[in-house]
Amino acid sequence: MAAVAVDPLVSSPVDSVRRKSSLIIKTDLPLSSFPEYQDPFSSSDDTMMESPSSNPASIVVDKVRSEAGRHPSPQPTHVSYPYVPKMNGNGHRVLRSATVGYVAPEFAGRAAQMKQVEEVIKKHGWIPDSLVESQIAWFYNELGIDDVYFQMERPEAIANHVTSLYAAKVAAFSRDDKREEIRLDMEAEGHAIYIDTSEPGVTALGGPRYEHRLESKYIDGADGNNRFRVETFRSPGVLGQNATSKATLRCYFVYQCLFVEPNADPMETRLEVISDRMFLAKATKNTKQIYQEIIETAVRRAGPVIEVYDIEDSPEKRLVVAFRSRTARGMFSALSDLYHYYGVTTSRKYLEQFSNGITIISMYLRPASNLEGKSFPPLDQSIHQITKEISLLYCIPQTKLSDMFITGELSLQETVYAHCVWVFVQHFLNRLGPEYASLMAALNPEKDNSHAEILSKMKKRLRTETFTPDYILEIIRSHPELVRALYASFASVHLKVGAGFDRHFIAPTPAFEVLSDSRLKDKITKDVNNEHEEMVMTAFRVFNNAVLKTNYFTPTKVALSFRLDPSFLPAFEYPTRLYGMFLVISAESRGFHLRFKDIARGGIRIVKSRSKEAYGINARNLFDENYNLASTQQRKNKDIPEGGSKGVILLDPKQQDKAREAFEKYIDAILDLLLKAETPGIKNPIVDLYGKEEILFMGPDENTADLVDWATEHARNRGAPWWKSFFTGKSPKLGGIPHDKFGMTTLSVREYVKGIYRKLNLDESTVRKMQTGGPDGDLGSNEILLGNEKYTSVVDGSGVLVDPNGINKDELRRLAKNRQMIVHFDLSKLSKDGYRVLCEDSNITLPTGEVINNGTAFRNTYHLRDSGLTDIFVPCGGRPESIDLVSASKLIKDGKATIPYIVEGANLFITQDAKLRLEDAGCVVYKDASANKGGVTSSSMEVLASLSFDDESFIKDMCHDSKGNAPEFYKAYVKSVQEKIQENARLEFEAIWKEHEQTGVSRSILSDKLSYAITSLDEQLQHSDLWENEQVRRSTLADALPNLLIEKIGLDMIIERVPDAYLRAIFGSYLASRFVYECGSSPSQFAFYDL
């Protein structure tokens, strides 16, 4: 095997800007020869297919060549503009060839530069003098490189490149096959060049993968202030003298953008403002017109905009795709894989960036003439299919199964489908099974803490070790035929072909035979090798049967959403059945939305992971955490109309900076399934097996507070009639009531804290208090501002602050008002016994002499220390299950709790079994479902106002004006909301305290019993004869609805405007909560009628 490496002959003039020049030429290259490069799409845990170490491309090429042809997956019509003049018969606009594309500014010094290059090459003598001129002419004239490159480079650098490319021919001469493989890369601060040998129409999994490389470094990896444009050219002729050679050279040129206006508004569309200066200089008038039109559409759309043009007197087609930057990581290289799949290649490809945040990729497509022996559709049909599948590719450009698409084992539709089910399987195959249920029945976890501890540990281990994501992926990869059969079954149900759809290229049924569910079951049993494989592939059937509706086949989408029937969940693990379940998968994240009632409300949170290990834990716990949060919300919402719901979005490991993009896609994808589609070719109707209208009520949660306004406006722009009530917690300019500004959540928590002080005659000012969730957070800051306790410790994201003599209240309140972490605490305000340990600290000696080796570990476990400094603990922040059954033992000494009182402000901070153990040890515990319900009450009343007003009155009476002035009605309504929160919290506190005194039942159990009693009675009342009695109905609604709303709008108008289901929920929740608070969680069957 021949190999030649040529070092640079001379220094490049751009070395001063840290240029990395690596000119490596190989005839058959091992990967180690290339500059070190981390593939952005390789798995964090090495599950992605690795490139072979030798002759990598041949394996893939041989596999592709063995196929007879490719099978396009059926999907509805592609996106295109409305009718415009001069259309071809296929509906594409026709471009005059003379006006197409780019015209590089002519380099007047070209000839002189060629002479200088010749002199440099001859000086060093690597190329025989008789061949120098022809090699230079070949480089300048045959590779498709435009004059911009030659204008930017010095003769010495060009001489290096010409010499390096010549070396490949020398190396090839010693090979039997005389094959030339030329690979060159040069990376600089604001400029890069890559030249590679490739076969048109074929994607190689091996080699340097330059498209992935430049994509990672310059397109997806660049920050907003340093953006890059890309030009690529394929040489018109094949490389070398070998008659069988099919390889050509592909050149990539990367240039840093110099925008006319770098900070353009996202809605700005004028090219003269938002363009890169090189683009303005090179683009023809026709190209500018095309880009102008497509940008004007793209800024108004969440997903990609796609257009195809015929070129006059040319077999090529021009495909243009526009989308928001940062929303499709990996799109540039994924498009190459897509058109290669259909036997198409590009002669030129351009990626342009615009300072309003739009990216445009323009490709000149033609059939790859070198792929003999394989059957592909005609170019028009191939491009038609490509345009339809770009929407799907945009949703998830790269997956761990992408190589199965590249090699032709699966179509794009099948690959993405398999990816989605892979995600589904990770969350629902690791179930505990009947053996765990039998063990749980044999033990007595409710009464024996040791049994509960064993089961808790076993549950965590079983879910961690049974089916890992890698193992599931390995099984899926082993059964492409089963994947195809299962996809065909899925598509046969959800692929709608009817009026308004393109029938010309799409068969009414998929090409693969559609099997019934029973035949699929038999096929799986026959094809698999063991029980584990059968379980994984059976989970595909479970997924298919659970999907009630999906946007999978909608022409324009930004993420994939599935409305699932949750009945497949095992009852012994999830005893309270979910009402509704959504799964959303995008390029940046995966997420669920769960609800327990038709009318339900809850926040949407984004979970970030600081490391791969943290991501693994978060991914394993994602669904269970979501379920538990929604369940807690259901118990919290006992005295309001809405049931409990929650949405959780988990960012992928390499997308931790894409929270906004992930949130926007999550919301838009769910809206796809809530709204009726009325725009053919953009939002087509979907197959709806659910068959009923759904309305979701959402709110802010972790990492989403600043995104709520966008969601509200987006729902409005998409025509949602309920846009005003879609999200609570929006800014006052949209009629929102911010929880943090008015302390809504904290008002409820404080009622429980003050209730304990009141019942036990405690002096608040002398009570020693510990708080997790510091002065920077909503709940934490308001707890500090509203309380008057003696704070001895505060734990937040930055570290731990402790003072046994009491933390300085004025300094703590200063931080709370400014929403700052304790890292900003003035240490001069601490007493001699006080200290602060930050997460980044190590080997810190405390005033007691104790040495803290690791600040993060100290922060994470401080709340479990027996410090002797805490009378009341109010968790206002922290991860779920920060205290579980095992760690709770650290808070118990000699059978007695070391902390007398706990009011759980943070959701799920303490597990239920840990609460019971602490209560058994004498601790007074009020759980999150009771204490932390102020925010849900505020949100419910915000929803009610949104539903009651018409649009005009809502803006007048609930929305702040442009100067931030609040309407008088708004001010009064906020005050009434605060009063309602305090009233509801006092009623429940007194009910739990009273029943505990009477029965001795733990308060944590009583909280759940009250919630269950209220929600059960609520459901009965909504469907009882009482609701049908108009006099009772109106009387109850008059009592339940805020007086301010009735006085402003009128009871009759409210009843007319508010949906019937919501009015029923108000009716039921009001009567049920007041009755149970008065009579307890287990009243006599006649008690309701005795009142």
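Helices H11 and H13 run roughly parallel to each other, since angles under 35 degrees count as roughly parallel and theirs is about 20 degrees. This comes from a predicted model. Two packed helices are described by the angle between their axes and the distance between the axes. For H11 (residues 379-395) and H13 (residues 412-428), the axes lie 10 Å apart, and the crossing is left-handed. On the H11 side, the residues that meet the partner helix are Glu389, Leu392 and Leu393; on the H13 side, they are Leu412, Gln413 and Val416. Sorted by type, this contact has 4 nonpolar residues, 1 polar and 1 charged.

Now for the chain as a whole. The protein chain has 1091 residues, and 60% of them are buried. It holds 40 helices and 28 strands. Taking the contacts with a separation of 6 or more, 73% are between residues 24 or more positions apart.

Is Arg577 buried or exposed? With a relative accessibility of 55%, Arg577 counts as exposed, because the cut-off is over 50%. Even so, Arg577 has partners: setting aside neighbours within four places in sequence, Arg577 touches Asp565, Ser567 and Phe596. Ser631 is 54 residues away from Arg577 along the chain, and the C-alpha atoms of the two are 9.9 Å apart.

Key
Residues are numbered from 1 along each chain as its sequence is written. This is a predicted model: local features need pLDDT of at least 70, side-chain atom pairs count only at pLDDT 80 or more; totals for chains, interfaces and linings use all residues. Side-chain values use heavy atoms; hydrogens and water are left out. Buried means under 20% relative accessible area, exposed over 50%, partly exposed in between (1.4 Å probe, protein chains only). Contact means heavy atoms within 4.5 Å. Axes are lines fitted to C-alpha atoms, for helices over the stretch in contact, and angles run from 0 to 180 degrees between N-to-C directions. Helices (H or I, at least four residues) and strands (E, at least two) are DSSP runs, numbered from the N terminus. Angles under 35 degrees count as roughly parallel, over 145 as roughly antiparallel, 65 to 115 as roughly perpendicular and the rest as oblique. A crossing is left-handed if the near helix is turned anticlockwise from the far one by less than a right angle, and right-handed if clockwise. Ala, Val, Leu, Ile, Met, Phe, Trp, Tyr, Cys and Pro count as nonpolar, Asp, Glu, Lys and Arg as charged, and the others, Gly among them, as polar.
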